[in-house]
Amino acid sequence: QAQLVESGGGLVQAGGSLRLSCAVPRHTFSRYDLGWFRQGPGKEREFVSAISRTTGNAVYRDSVKGRFTISRDNAKSTVYLQMTSLKPEDTAVYYCGAGSTSFNPKAYNFWGQGTQVTVSA
C-alpha cells in the first residue's frame with residue numbers, strides 16, 4: 001500500500017540530467033522528513049539524500065554531492081531529486097521515503113514503489 005508515488009525515472013547517457021518527483025499525501029508530507037534512497041541489483045538500499053521537514057536543510061551521500069539537489073514543494077506536497085552529471089554508478093531503482101532524516105532506511109516509515117534510473121556509459 002505505497003502512498004508515495006515516484007516518477008521521472010528513465011534512461012539517460014552519462015553526463016546527462018534527470019529530475020525525479022515523489023507525490024506525497026498531504027498528511028504524510030506535513031508530518032515527516034523526506035528522503036531519497038536507491039537500490040542497485042544485489043545491493044542494499046542506500047541513502048541518497050534527505051530534507052528536513054522543519055528546517056528545509058538537506059543532506060547528501062558523498063558520491064552525489066555537487067551533482068544532486070533535493071527540494072520540496074509544500075503546495076504540491078511533492079519532493080524532488082534533481083540529478084545532474086549522472087554516472088553509470090547512479091543506476092538503480094530510486095525510492096522516496098517519509099520518516100526521520102537519517103542515513104538509515106529503517107528511520108523511514110513510508111515508501112514509494114520506486115522508479116528506475118539507468119545511466120549508460
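Modeller: A disulfide is a pair of cysteine sulfur atoms within 2.5 Å. This is a predicted model, in which local features need pLDDT of at least 70 and side-chain atom pairs count only at pLDDT 80 or more, while totals for chains, interfaces and linings use all residues. Residues are numbered from 1 along each chain as its sequence is written, and side-chain values use heavy atoms, with hydrogens and water left out.

Colleague: How many disulfides does the structure hold?

Modeller: Cys-22 and Cys-96 form a disulfide, with their sulfur atoms 1.9 Å apart. The total for the structure is 1 disulfide.

Colleague: Is the disulfide of Cys-22 and Cys-96 right-handed or left-handed?

Modeller: One considers the torsion about the S-S bond of Cys-22 and Cys-96. This torsion is about 55 degrees, so the disulfide is right-handed.

Colleague: How many residues apart are Cys-22 and Cys-96?

Modeller: Strands are DSSP runs of E with at least two residues, numbered from the N terminus. Cys-22 lies in strand β3 (residues 18-23) and Cys-96 in strand β9 (residues 92-99). The pair thus links distant parts of the chain, 74 residues apart.

Colleague: Are Cys-22 and Cys-96 buried or exposed?

Modeller: Buried means under 20% relative accessible area, exposed over 50%, and partly exposed in between, with a 1.4 Å probe and protein chains only. By this criterion, both Cys-22 and Cys-96 are buried.

Conventions. Helices (H or I, at least four residues) and strands (E, at least two) are DSSP runs, numbered from the N terminus.
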